Amino acid sequence: MEPGERYQRRLTEIASELSSIGLSVPGSLTVRRYRCGKAGCSCQSDESKLHGPYISWTRKISGKTVTRLLSQEQFDEYQQYFDNAKRLRELVREIEAISLEIVEKDPRWKAKD
Ligand SMILES: [Zn+2]
């Protein structure tokens, strides 16, 4: 297969995956459980009694980091959207990588050397 043909085939596959990717929420999720400072709280001695989970969603809005807490129910529902956003970024990076490879091979770059 010609390199050009191979790239085109891969771009078509990516376009097809993009068309069905669904909702994609940007940002990252962190799940934390913690031990509080209260004397005698059961979290102090029992690993299974830690507080939480606290699920936080962090993203940048106009350069500022914004964090919101999600309920377990929201987390269960939105998890897929975060996974979709991650996949979306991977696919975009792949399109860019293929595009760079093609553009870098343009012999006209050498014309100015
Ligand atoms: Zn506690």
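I began with the bridge partner of Arg 59, which I found in E3 as Val 66; a strand here is a DSSP run of E with at least two residues, numbered from the N terminus. The model is a predicted one, in which local features need pLDDT of at least 70 and side-chain atom pairs count only at pLDDT 80 or more, while totals for chains, interfaces and linings use all residues.

Staying with E3, I looked up Lys 60 and noted Thr 65 as its bridge partner. Strand E2 (residues 51-61) runs antiparallel to E3, and seven bridges join the two; strands count as paired if DSSP finds at least two bridges between them. In the hairpin of E2 and E3, two residues lie between the strands, and I noted that Ser 62 takes a positive phi near 45°.

I then turned to E1, which pairs with E2 over six bridges, again in the antiparallel sense; the bridge partner of Leu 29 is Trp 57 in E2.

Taken together, the three strands form an open antiparallel sheet in the order E1-E2-E3. Its edge strands are E1 (28-34) and E3 (64-70), each of which pairs on one side only. On average, neighbouring strands are turned by 30° against each other, direction ignored; axes are lines fitted to C-alpha atoms, for helices over the stretch in contact, and angles between N-to-C directions run from 0 to 180 degrees.

Last, I followed helix H2 (residues 72-104; helices are DSSP runs of H or I with at least four residues), which lies across E1, E2 and E3 and runs at about 130° to E3, contact meaning heavy atoms within 4.5 Å.

Notes: Residues numbered from 1 in each chain as written. Heavy atoms only, no water.
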